Amino acid sequence: MPARGGIDLGGTKIQAVVIDASNEVLSEARHDTPTSGGPPDVAEAMANALTEAAGAAGVETDSLIGVGVGSPGAVDPAAGTLSNPPNLPGWEGAYPLASVLSEKLGTPASLGNDVTVATDAEAKLGAGRPYSSLLGVFWGSGVGGGIVLDGKEWNGRGAAGEIGHVVVELGGARCGCGRKGCMEAYAGRTRMEAYARKRVEKGDETQLFEIMEKRGRDRLTSSVWARALDHGDPLAHKIMRRAVEALGAGVASCLNVLDVEAVIIGGGLGVRLGEDYVRKIEKAVMPHLFMDSRPPDFLLSELGDLGGAIGASLLVTEPARVR
Ligand SMILES: [Zn+2]
């Protein structure tokens, strides 16, 4: 049975899966992303996560036909290198991640962009199956986007789908990218947290940071936000309404250009907040949608937190090589 591996490399977590030929997930493992050291430490943690997943599936990593990696930052799939991934420690220049992993695991490794592979997974195996065109919206620490047109991913010259940086307010809030008024400056979890801290300094009250500490976290994770919303925390609701408004304007602007059949909402916040927030985002899109008589379908990601790792495993297409 030719199984293959997939690894989703994130700033917080490394998610690994082992998948069989019919795309069933056989096992998974989740490890923390190292917060210190450098690329070799990250590669080691990735290899450990996949080795644990393989062990749980009862296979050795060198019997996998290959492993795919979805990563943020600048990926060069042909060279197998990763440069400047955001939120990863001590990363300078291009690191040969594919060859290092391949050596450690005893099987070929290939690299792809995290959002692109997650969109590919939803298009082929998840909520996007019925459609030949779609927009994937990955709502987490930032807001990433994946575009499928006529059944094919559209990557532009390598940087398409950066929907987080669609401008929703001229001269607006400062974005992590250094520009102003981007959708992500309002809807990205990192910027939402920065805004929450600013509001608290100005005297607003919230349980957000109490919940964070109780859970032993040092940042406002998606589940911290979900819990605060469940508790009816007014500041959490206010910041979330602002985020949804921004998503509405930004996603509508993309739809006005692309006119795709479906929007699939995933990412850490998207998956955690679920169907209820898919409907809120749909509602926030409508006032800005030019062709509002026939809006696209709005769906929640079907593959959830494993979508990135499953999509990464789809990078493995070659049959087993004789080494
Ligand atoms: Zn930006």
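These legends describe close-up views of a predicted model. Local features need pLDDT of at least 70 and side-chain atom pairs count only at pLDDT 80 or more, while totals for chains, interfaces and linings use all residues. Residues are numbered from 1 along each chain as its sequence is written, and side-chain values use heavy atoms, without hydrogens or water.

**View 1. Two domains make up the protein.** Domain 1 covers 4-114 + 307-313. Domain 2 covers 127-302. Their centres, taken over C-alpha atoms, are 26 Å apart. The bounds come from an automatic or database domain assignment.

**View 2. The largest nonpolar core has 44 residues.** Such a core is a set of buried Ala, Val, Leu, Ile, Met, Phe, Trp, Tyr and Cys residues joined through side-chain atoms within 4.5 Å. Buried means under 20% relative accessible area, exposed over 50%, and partly exposed in between (1.4 Å probe, protein chains only). Among the residues with the most contacts inside the core are Leu135, Trp139, Trp225 and Met240. Helix 8 (234-258) is one of the contributing elements, and gives the largest share, eleven residues. Helices are DSSP runs (H or I, at least four residues), as are strands (E, at least two), numbered from the N terminus. A second, separate core of 29 residues includes Ala3, Ala54, Val69 and Leu88.

**View 3. Four residues coordinate the zinc ion.** The donors are His165 (ND1), Cys175 (SG), Cys177 (SG) and Cys182 (SG), at 2.0 to 2.4 Å. Donors are N, O and S atoms within 2.8 Å of the metal (3.2 Å for Na, K and Ca); water is not among the atoms, so sites may look incomplete. Angles of 105 to 115 degrees make the arrangement tetrahedral; for four donors, this term requires all angles to lie between 85 and 135 degrees. Along the chain the spacing is H-x9-C-x1-C-x4-C. Cys182 is buried at 2% relative accessible area, whereas Cys177 is partly exposed at 29%.

**View 4. Asp32 and Lys13 form a salt bridge.** The term means a side-chain nitrogen of Lys or Arg within 4 Å of a carboxyl oxygen of Asp or Glu. Here the N to O distance is 2.6 Å. Asp32 lies in strand 3 (residues 25-32) and Lys13 in strand 2 (residues 13-19), so the pair ties together parts 19 residues apart in sequence. Asp32 is exposed at 52%; Lys13 is partly exposed at 25%.

**View 5. Asp259 pairs with Arg294 in a salt bridge.** Their closest N and O atoms are 3.1 Å apart. Asp259 sits in the loop between helix 8 and strand 12, and Arg294 in the loop between helix 9 and strand 13.

Notes
Four donors count as tetrahedral if all angles lie between 85 and 135 degrees; four count as square planar and six as octahedral if opposite donors are over 155 degrees apart and all others between 65 and 115; anything else is irregular.
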